[in-house]
Amino acid sequence: MVEMHRKTRGTLLLTLRSRAGHVGLWAGLCWLTVAGCSKSESPAAKSEDAPATAAAGALKIGFIYVGPRDDFGYNQAHHEGAMLVAKLPGVTVLEEEKVPEAMEVQKTMESMVKLEGANLLFPTSFGYYDPHILKVAGKLPEVTFLHCGGLYDAGKHPKNVGSYFGYIDEAEYLNGIVAAHATKTKKLGFIAAKPIPQVLRNINAFTLGARSVHPDITTTVVFTGDWSVPVKEADSANGLIDQGIDVLTMHVDSPKVIVQTAEKRGIYSVGYHTSQAALAPKGYLTGAEWNWGKVYTQYIETIKAGKTWDHLVRGGLKDGFVQSSPYGAAVSTDAKAAADAVRKSMLDGDYVIFKGELKDNSGKVVIPAGTQKLQRDPTLESMDYLVEGVIGSTGVGS
Amino acid sequence: MTRAPLLAPLLSPLCLLGVQLGAAAVALFLFAIFLAFVGASPLGVFGDMWSGAFGSSFSLQNSLSRAAPLMLTALCTALPARAGLVIIGNEAALLLGGLGAAMVAMLLPPTAAGVPALCAMLSAGLVAGALWIALSGALRQHRGINETISSLLLFYVGLSLFRHLVEGPLRDPASLNKPSTPPIPDAHMLGTLAGTDVHYGIVFGLVACALSYVLMERTGFGFAARVVGGNLKTARLIGLPVSALCLGVCALGGAAAGLAGAIEVTAVHGSANATLYAGLGFSGILVAFVARQHPLAIVPVAVLLGGIQASGGLLQRRHGLPDAAVEVFKGLLFIVILASETYVGVALAWAERKSAAWRAQAAAAAQPLPAAAEPAPTLGVGGAE
């Protein structure tokens, strides 16, 4: 009896399966027919015909994030900037989070413009720029696209695109000074995503800052391979702490899990992107933070005044683009004095981080004696070495 | 045999479509409760979901663009499933397919004609994906390793290999902070359908699903593969080449996902880099299961999933919902659809048994008095309901 029942049911399900295929086919064909027919009178076409009046009044601004806006990191730093912008008069802010750096972001940008009339977009993730922003900007010349990363190339890129970035290595250098005063083992740890120039520059600035206090300090670096892999980041943090590291910092999209692990294990942490002080009330020393609200406000004021904005905008501590988290409870008076002295020099605009003679961690001279690399120096943007004192390798088989 | 006319209407496509629509309605209702709970207006949200997914020409094109790769990656699970294999390494086949296309692109002279260059790149994607998934099939056939586990674990190997190559030996030195292979010249890129913004990937997806249907349902190869999936012992007994069939369906599935990767590279990204790893392969598994591994059912399911994802942005922007709201809806919808189909099967089997019992009873009652047989069919229908 049971046998019979099973058999019947099996036959029925098989029949069900192949019938469903036909249903699927027809449904699919219906979608496609609808897709083909409803082309002519779409709201999309209308909004394309009426160019956005970016300069003359209401601004509708779209912010796009690659991860969650409350990640205690890269995306939160931009979201905080967007919230400042939302308070400006005559401005509406749209936000969308967790948009991958693929077809999705192209469609999100177009959707913000075509369905909601956005006339200024801040697609914030580095990977959005090429090819996605470049492609959509070419299609929507009346919309302004401002991207975080400093990639604008006047010869090749559309005129409605701009790019901005901050010299966060200045704040990283200050992080290093504070970390050097806190460490007892003279071993610092740095968990980073990928060995790319921007990341290497931060690791190097942090290490140079620390070694300006104690020349025997080392920074052990671990590359996780991607921007947001919390499990690997926690593993790396525990591994570094087991090796005797007592100050931990990072360059990943969300420093949350690393800062939490450091706090739980009773060591110090130094933050990145935005403040993680709330996650580690005991061990959080300071952090290198973006101040995108300042950059965004600056752009929007320029656009509202009807003036032309710069295609390439960069700034450091002096310009208010980056800042340090307020010192945590564990930071000594000496550490504060040492860091603040360098900060003052940076604010005056006469502190140089990368200057000769500078060796990489294999002993090769990368900046000869007597040479100073100022912040705008293009060779800093293709940095491919780790400085002396960093334990680790760029790991790329080039 | 007498039961067939009674149950036939319940198996009609219309009725099954009704079951699926009913399931969708239940899912919408559950989602409405969720929305009310988080303080959003359910009707407003549904309206915007419609306009974001299918409500305008732009939205439709948006949904179709997102559906195209899902059709191909779904085949990577659906084809081996017909031979009884559960393959979930779709993402790796997609990544390596993209890598294959990018590697061929590096070998091509920039002056090469567009169509042959594209054919070469897409073929490389096909081959790379086919070999990768065939590896899982071979491990199963020749080493007795479960293909589900091996395809999942090989995904991590594939991802590491992909990253190592695009960020190491194959990296374009000019790609500083976004390590990538050298850019593919515009002339070699896959274009969009005339008058739309949807790239040719959708045509590849539709054709691949149609061909898969013909292959699996209308050819000897497909029949043999389904015998292997239906009853392995029988297949061996009648002398079917089980190993070759298993490797064949794995290779075909892998080829589809590899093609998806090659299309992503040649139509969207313009080079292979880590952003190719965006979950299109994993979404394909979901599509395949909801389509119950049927190649033609994959098409509407992929379009539906594409539409839901396309509408996600509007829910965030207009209703302040988090990105997870769309995930909640997807979860509810697919669970209710899958469950409803299972229960339709159960209900039909139950109805069949009941009606058989009714008939037996009616026949027994009718035997002494033939005239009393009249009401039996009515009772039977009542039993089915």
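User: What share of the contacts in chain B between residues at least 6 apart in sequence joins residues at least 24 apart, and what makes two residues count as in contact?

Analyst: The share in chain B is 76%. Two residues are in contact if their C-beta atoms, placed from the backbone, lie within 7 Å. In chain A, residues 24 or more positions apart account for 68% of the contacts with a separation of 6 or more. This is a predicted model, in which local features need pLDDT of at least 70 and side-chain atom pairs count only at pLDDT 80 or more, while totals for chains, interfaces and linings use all residues. Residues are numbered from 1 along each chain as its sequence is written, and chains are lettered from A and ligands numbered from 1 in the order in which they are written.

User: How many helices and strands does each chain have, and what makes a run count as one or the other?

Analyst: Both elements are DSSP runs numbered from the N terminus: a helix is H or I with at least four residues, and a strand is E with at least two. By that rule chain A has 11 helices and 17 strands, whereas chain B has 15 helices and 0 strands. The C-alpha atoms of chain B fill a box of roughly 95 × 60 × 35 Å along the principal axes.

User: Why is B:Phe46 called partly exposed?

Analyst: A residue is buried if 20 or more other C-beta atoms lie within 10 Å of its own, exposed if 12 or fewer, and partly exposed in between, with C-beta atoms placed from the backbone. B:Phe46, a residue of helix H3 of chain B, has 15 other C-beta atoms within 10 Å and is therefore partly exposed. From B:Phe46 to B:Tyr277 there are 231 residues in sequence and 30 Å in space, C-alpha to C-alpha.

User: What makes B:Leu170 partly exposed, and where is B:Leu170 placed?

Analyst: B:Leu170 has 19 C-beta neighbours inside 10 Å, so the residue counts as partly exposed. Its place is in the loop between helix H7 (147–167) and helix H8 (201–218) of chain B. Apart from neighbours within four places in sequence, B:Leu170 is in contact with B:Met103, B:Met106, B:Leu165 and B:Thr181. For the chains as a whole, buried residues make up 50% of the 398 residues in chain A and 52% of the 385 residues in chain B.

User: What makes H9(B) and H11(B) roughly perpendicular?

Analyst: Helix H9 (residues 220–230) and helix H11 (residues 242–269) of chain B pack at about 105°, with axes 10 Å apart. That angle makes H9(B) roughly perpendicular to H11(B). The contact takes B:Ala224, B:Ala225 and B:Val228 from H9(B) and B:Val242, B:Leu245, B:Cys246 and B:Val249 from H11(B). By class, these residues are 7 nonpolar, no polar and no charged. Here Ala, Val, Leu, Ile, Met, Phe, Trp, Tyr, Cys and Pro count as nonpolar, Asp, Glu, Lys and Arg as charged, and the others, Gly among them, as polar.

User: Why are H3(B) and H13(B) called oblique?

Analyst: Helix H3 (residues 42–53) and helix H13 (residues 295–319) of chain B pack at an angle of about 130°, with their axes 7 Å apart. H3(B) and H13(B) are therefore oblique to each other. Their contact residues divide into 7 nonpolar, 7 polar and 2 charged.

User: Where do the domains of chain A lie, and how many residues bring them into contact?

Analyst: Domain bounds come from an automatic or database domain assignment. In chain A, domain 1 covers 52–166 and domain 2 covers 169–289 + 324–391. Their centres, taken over C-alpha atoms, are 29 Å apart. Contact is made by 9 residues of domain 1 of chain A and 10 residues of domain 2 of chain A.

Terms used:
Axes fitted to C-alpha atoms, helices over the stretch in contact; angles between N-to-C directions. Parallel < 35°, antiparallel > 145°, perpendicular 65-115°, else oblique.
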